[in-house]
Each structure stands twice: as C-alpha cells, then as structure tokens.
Amino acid sequence: MSLGTSDSNLTARRRKAAAFRWSCAALTSATIVLLAILIFHVCKQGLAWLDWDFLTSFQSSRPENAGIKPALVGTLWLISLTACIAVPVGVAAAIYLEEYARPSRLNTLIEVNLANLAGVPSIVYGILGLAIFVRGLGLDRSILSGALTMALLVLPVIIMASREAIRAVPPSLRQASFALGATQWETIRHHVLPSALPGILTGVILALSRAIGETAPLVMVGAATYVTFLPDGPMDSFTALPIQIFNWASRPQAEFEKLAAAGIIVLLAVLLVMNGVAVFIRHRSRKGVS
Amino acid sequence: MNSCADDCPCAAMTTEKLTLHYGATAAFRDVSLEIPRCEITALIGPSGCGKTSFLSSLNRLTDLVPSCRVTGRITLGDLEVLAPDTNVVALRRRIGMIFQKPNPFAFSIAKNFALPLREHGVREHAEIEQRTEAALRDVGLWDEVRDRLRRSARTLSGGQQQRLCLARALALEPEVLLLDEPCSALDPISSAKVEDHLQSLKGRFTVVIVTHNLAQARRIADRVVFFWADESGGRVVESGPVDALFEDAIDPLTQAYVRGQHG
Ligand SMILES: Nc1ncnc2c1ncn2[C@@H]1O[C@H](COP(=O)(O)OP(=O)(O)OP(=O)(O)O)[C@@H](O)[C@H]1O
Ligand SMILES: [Mg+2]
C-alpha cells in the first residue's frame, strides 16, 4: 500500500482540509454576525440617549432626566475593590499550589473543588455573601460586601488561570535561576512571575469582565437601585451598571428601554477599556521578555 | 597535573556509592569518584546513562525533581553536600552550572549579572559593574557586548549566549564549574571559542564537563570518566587520566567506545 501519495488520496485529503477550514470560517462569522446584530440593535436604541448629561446625572423617575452616574461610579468602585481583594489572594494561592505544595490528597481535593467552584451559579455566591458578609460580619449592604462576594466569585477563575500560566514557565528558566544559587522566593519573584504575568493578566481580565456583568449576586447582597449620592468609601451603599440596566429594562415605558440600551453601551465601553488595558500591558511585558 | 597555586580557592569533590533514582528506576548506581581540585574531569558515555543526572546531583539541582532520590555521599571540600542541613543556596554559589542549551534570562545583558549578584548580597553598583566586566572579559565577550549591555541577552547569538551563561556563573566566583554538553548546541566555530575559554580558565576552577565529543574530551580534560548504561541503570565503567583511558583502557567496553565502535 502506498502511503497516501496517490493523486486521488491527496485530492480527498485536500478537500477535507478545505471543508474543515470553511466550516470553521462559517461558524466564526455566524458568531460575529450575531454579535454585530446585537450591538447594532443596542446602538440604534441607545445612542441617541447617550450624552454627557446621561453620564453625569442621577437616577430619576423621568427618563429624560435619568442618568447613569451612580451606577458607573459604583461599578468602578466595585471592580477596583474586587480586583484588590481577588488578585493578590488568587495569585498567592496559585503560587502556593504550583510552587510550594507537595502532591497530597488534600491538594487533589483542593484542585477538584477549584474546578467545581468555577462552575457554581453566581446566585449561590450571592446567597453566601448575604449570609457571611452582609449579615455575619455585619458589613451591611455596602460596596465592600459586594466586592467580597464578587471576589469569591472570580477567585477560582483567577487561581486556575494563574496556575496555568505559572506551569507554562519553561523549566530551564527555573534551573538557570536555582543553579545560580537563587532561593525559591527569588526565583518566583524575579523569573517565574514576570514570565507568567501575561497569562495571569489574561485570566484576571477575563474574570473581572465576567464580574462586571454579574447581576444576581449584587441583587442578593442588596445593591440598591435608587441611589441619589455617590459612594464616598467602601462602606457606602451603591448601585452598579447591570443592576441599573435591569431596573430600566423592567419598566413598562418605552423610553426606559432606550435608557437601558444606553446603559449597555456604557457597560460595553467599560469592558472594552479594560480589555484594551490588558492587551497593552501584555504587549509591553512581552516586549520586555522576548 | 595539578597546575594551580596553593592558595587557589577551588575545591575537590568526591562521591561515594552515589545512587540516583527517579521513582523506582535507577538513573545510575554506586558511582564513587574523585574529582581533583583545579583539574578538568570529562564525563563521557552514551545517551541516557545518567551523566546529566550525575552532574545535577553534585549541586543538588535534583532537589527540583520531586520523584528524584539520591543516596550515598558527596563532598565538596569539607562539606557534606547531601546532608539535610546543607545550605543549598550557598552550595550552588560555590558550584556554577552551565547547561546544554544556553539559558540567559530574558533581561538585558547587564541585568543577567546584576540579578544573581544582588541575590548573593552584592549591593554596590560599582562592584557589580566591575565583576560583570571581569567575567565578560574572562570569556572573551566584553569587546563584543560592551556597547550593548542594556540590550536583551536574547539578541545575542547562540555561542555568545553560552559564553554569557559561563560568564554569569563566573561572576559569582565559584569553586567548581559543572558543564553539561556546553558546546552541543553550537556551531564548530562558536564551540571552539567556548572551548578555548574553558582552557584559558584551567587551573582557576575545578571543572566537570559532560561531552559527547571525544576529541574535545581528549583536548581539554585531565581525567576522563566513562559512564555506561545497562538494564539496571547507569554505572561508571572506568575512570582515569585522559591518556591512560584513551590509549590503553582496561575494560573492553571502554576500548570500543573510545575507538568509536559503539555508543
Ligand atoms: N526528570 C526526570 N524524571 C524521570 N526520569 C528522568 C528524568 N531525567 C532523566 N531521567 C532518566 O534518567 C536516565 C538518565 O538521564 P540523563 O539525562 O541523566 O542521561 P544523560 O547521560 O545526560 O543523557 P544525554 O547524553 O542524552 O544527555 C534516563 O533514562 C532518563 O530517562
Ligand atoms: Mg544529558
């Protein structure tokens, strides 16, 4: 038997390769078209309402006066605080699991649970947050309660992505560092973390992007929908973009639906900025590395 | 052949009944060797007979492999290398290692030196610069890189990278240098350069070099150790002064290997 060198065999293989390529392209464009339709629809409804007043006004029962300022500020507070809590804890946990922990039954248990936790519905985290932070620790319906809850929600994703990134650091780098008499901490600090940074960052941004859009846990820990002041600190009550959007979208008047669309555009813009920053940092650190 | 001065800081190493397991399989067994100070000892032998494993057990780099178990005895001067309370950080400062594939850090050339020096407590800028220059001169790289110390070390050629790694190890002023096939990833000219500089360092360090290049072993080594692997793992078949081993080896395996008849 010849090894697939005959013409007919080659043609068949080429055809298969082409078919695969085209079906991939078709599926990709289907997703993009759907997304484009969605964005087009939202923009058509919302762009007219999106102006400086909308960004700088408070909530109001009259749609033409209503604005998104407290929700936007609330979301920025919430996400920054969530990042401040979840990133150090998550990266530290990943370092511990990858670099220090010896293989043991406990670690296998932790590993399995991490994967499971990443799939737990967000409302469950909301209930947990309500029981522990709002009631148990008496933090009340504050930004801090919301951020702690969100941090729990994103931790598994951050830990798993960071572990993946740390594991991908070439062993030769560790060897080089240890062979020069570096301690484990120096090796981690000077070589492993910088080299894993792009991967860690990707995981963090993905996780935080998910957190920005989460509504259910915030409803549980009691984000308000009618806030007439800006939060001054982490103990203030707050509202957030998805809550505000949900609130507007559930009202009967058509104008509020347009407001909701405008709110969605703002949310997407925040996401875009975050992802842009991530791409920028990744690009810079990669330039530094290679 | 001991060519170095009495006050030379380099130290001799010995191993006694050294055995190394990965999990349940032995990489080598019962290796007892004298590695005299200030001499170049070459390890030769076919692939997979445990030369790299042996080398990395000497500076306890095998600690990084969880499944790896080393038994027996290793000494560096008066130091018991395998003792549990041995300070491996200090140990690895005394024993520099160069790998088969050049592994410069993805930083600037200058930082490749500054980072390990700082880790070992050299804080003064002037001293770091002076040690960097001295080490780079030792490997003949100074004139090639003096204008580009701020550029990434990865922009150097393979041969330059390997000499940089050698210089980086030298900057810590080690007593022993372990070299694992340092020339195997290089073209003949770069390889010859690295070899020249190794020879020029002769007498300042105790050197253990793994090489597949028998001609190279013959050119630079004082002593040669011949490893061989059979079903039960690697072992040392024969060791001795370079001429004795190449000219009139006792063991038929060695005779055949150095004549290039197998392996
Ligand atoms: N990290 C490891 N885990 C398990 N087994 C290993 C590991 N490293 C090496 N071995 C095994 O130990 C044996 C010796 O390997 P080693 O790398 O020391 O050989 P070598 O003589 O350096 O070979 P080469 O000349 O090809 O570099 C081999 O059988 C190899 O498969
Ligand atoms: Mg090897």
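## Ligand site

A polar side-chain atom of B:Thr52 lies 2.6 Å from an oxygen atom of ligand 1. For B:Ser53, a polar side-chain atom is 2.5 Å from an oxygen atom of ligand 1, and for B:His212 a side-chain N or O atom is 2.9 Å from a ligand 1 oxygen. The residues around ligand 1 (a heavy atom within 4 Å) include B:Tyr22, B:Ala27, B:Gly48, B:Lys51, B:Val65 and B:Glu181.

## Basis of the model

This is a predicted model, in which local features need pLDDT of at least 70, side-chain atom pairs count only at pLDDT 80 or more, and totals for chains, interfaces and linings use all residues. Residues are numbered from 1 along each chain as its sequence is written, chains are lettered from A and ligands numbered from 1 in the order written, and side-chain values use heavy atoms, without hydrogens and water.

## Helices H5 and H6 of chain A

Helix H5 (residues 122–136) of chain A and helix H6 (residues 143–167) of chain A have axes that come within 9 Å and cross at roughly 135 degrees. The contact (heavy atoms within 4.5 Å) involves, among others, A:Tyr125, A:Leu128 and A:Phe133 of H5(A) and A:Leu148, A:Leu152 and A:Pro156 of H6(A). By class, the contact of H5(A) with H6(A) has eight nonpolar, five polar and no charged residues.

## Helices H4 and H6 of chain A

The axes of helix H4 (residues 105–118) of chain A and H6(A) come within 8 Å, crossing at roughly 125 degrees. Residues making the contact include A:Glu111 and A:Leu114 of H4(A) and A:Pro156, A:Met160 and A:Arg163 of H6(A).

Methods: Axes are lines fitted to C-alpha atoms, for helices over the stretch in contact, and angles run from 0 to 180 degrees between N-to-C directions. Helices (H or I, at least four residues) and strands (E, at least two) are DSSP runs, numbered from the N terminus. Ala, Val, Leu, Ile, Met, Phe, Trp, Tyr, Cys and Pro count as nonpolar, Asp, Glu, Lys and Arg as charged, and the others, Gly among them, as polar. A polar contact is a pair of N or O atoms within 3.5 Å; within protein, one must be able to donate a hydrogen and the other to accept it, and residues adjacent in sequence count only if both atoms are side-chain atoms.
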